[in-house]
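Open the model in your viewer and keep the sequence panel beside it. This tour tells you what to select at each stop and what is there.

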Amino acid sequence: MHDLLAGVARDTWIDPRRGKQPFGDWARQWWETWSSDPDRSPTALEATEARLLARLSLELTFAEERQHSASLSLQAVAMARRVGDGAAQGSALRARWMASWGPDSLQERLSLERELLRLAPETGDHELELV
């Protein structure tokens, strides 16, 4: 798994207002700055980590490494539920919904949809209703 994440981080480029750089370099700098804030709570760190896992899962949904999308989405959902952050839960559930796409997972996706519909008004994120 680590090799996959390292490969994605190395091969994905972003433009964070300073010119193109590998996502992995930017993410490492951002995480070190963000997580070193003494006022940042452990819950906020875990919620952010859950949202990052969910985002990576979405990025891998249509990649050759699709099987990793499912694993990452399950981790994101578990972490977001544990910390109880609504926004993180919405991101994680949306990623899980995409990662579980297929005829064999209809019941799981219906359950995820119900949970997303419940979360939308609680979080104010009405895009969750569009899944």
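## Stop 1: a network of charges

Select Glu122 and Arg118: their side chains meet in a salt bridge, 3.0 Å from N to O. Keep in mind that this is a predicted model. Both residues lie in helix H6, four residues apart, about one turn of the helix. An α-helix has 3.6 residues a turn, so residues three or four places apart point the same way.

Glu115 and Arg118 are three residues apart in helix H6 (residues 106-123), so about one helical turn separates them.

Which of these residues are buried and which exposed? Glu115 counts as buried, because its relative accessibility is 16% and the cut-off for buried is under 20%. Arg118 is partly exposed, with a relative accessible area of 40%. Glu122 counts as exposed, at 56% relative accessibility. Salt bridges that share partners join Arg81, Glu115, Arg118 and Glu122 into one network. Select those four together to see the network.

## Stop 2

A search of the whole structure finds seven salt bridges. Select Arg82 and Glu46 for another one. Their side chains meet at 2.8 Å, N to O. Arg82 counts as exposed at 53% relative accessibility. Glu46 counts as partly exposed at 27%. Side chains of opposite charge can pair when their charged atoms come close.

## Stop 3: the enclosed helix

Select helix H5, residues 86-99. How many of its 14 residues are buried? The count is 10, so H5 is largely enclosed by the rest of the structure. Colour the buried ones: Ala88, Gln89, Gly90, Ser91, Ala92, Leu93, Ala95, Arg96, Trp97 and Ala99. Then show the neighbouring helices. The buried residues of H5 pack against H3, H4 and H6.

At 1.5 Å a residue, the 14 residues of H5 should span 20 Å. The end C-alpha atoms of H5 are 20 Å apart, which agrees.

## Stop 4: two contacts across the sequence

Then pick Gln75, which lies in helix H4 (residues 66-83). Gln75 and Ala92 are 17 residues apart in sequence, and their C-alpha atoms are 8.6 Å apart in space. Gln75 counts as partly exposed, at 37% relative accessibility.

Next, select Leu119 in helix H6. Is Leu119 buried or exposed? Leu119 counts as buried, because its relative accessibility is 2%. Setting aside residues up to four places away in sequence, Leu119 touches Gly86, Gln89, Gly90, Leu93 and Leu128.

## Stop 5: the rings

Show Trp97 and Trp101. The structure holds one aromatic pair. The ring centres of Trp97 and Trp101 are 5.1 Å apart and the planes stand at 80°, so the pair is edge-to-face. The cut-off behind that word is an angle over 60 degrees. Trp97 counts as buried, at 12% relative accessibility.

What sits over the ring of Trp101? The charged end of Arg109 does, 4.5 Å from the ring centre.

## Stop 6: step back

Zoom out and colour by secondary structure. The protein chain has six helices and two strands. From the N terminus on, the elements run α-β-β-α-α-α-α-α. Buried residues make up 35% of the 131 residues in the chain.

The accessible surface of the chain comes to about 8,200 Å², and 53% of it belongs to carbon and sulfur atoms. Residues 24 or more positions apart account for 44% of them.

Technical notes:
Residues are numbered from 1 along each chain as its sequence is written. This is a predicted model: local features need pLDDT of at least 70, side-chain atom pairs count only at pLDDT 80 or more; totals for chains, interfaces and linings use all residues. Side-chain values use heavy atoms; hydrogens and water are left out. Rings of Phe, Tyr and Trp (its six-membered ring) pair if their centres lie within 6.5 Å; planes under 30 degrees apart count as stacked, over 60 as edge-to-face and the rest as tilted. Buried means under 20% relative accessible area, exposed over 50%, partly exposed in between (1.4 Å probe, protein chains only). A charge sits over a ring if NZ of Lys or CZ of Arg is within 6 Å of the ring centre and within 35 degrees of the ring normal. Contact means heavy atoms within 4.5 Å. Accessible areas come from the Shrake-Rupley method with a 1.4 Å probe; for residues, only the protein chains shown count as cover. The expected span of a helix is 1.5 Å times one less than its number of residues.
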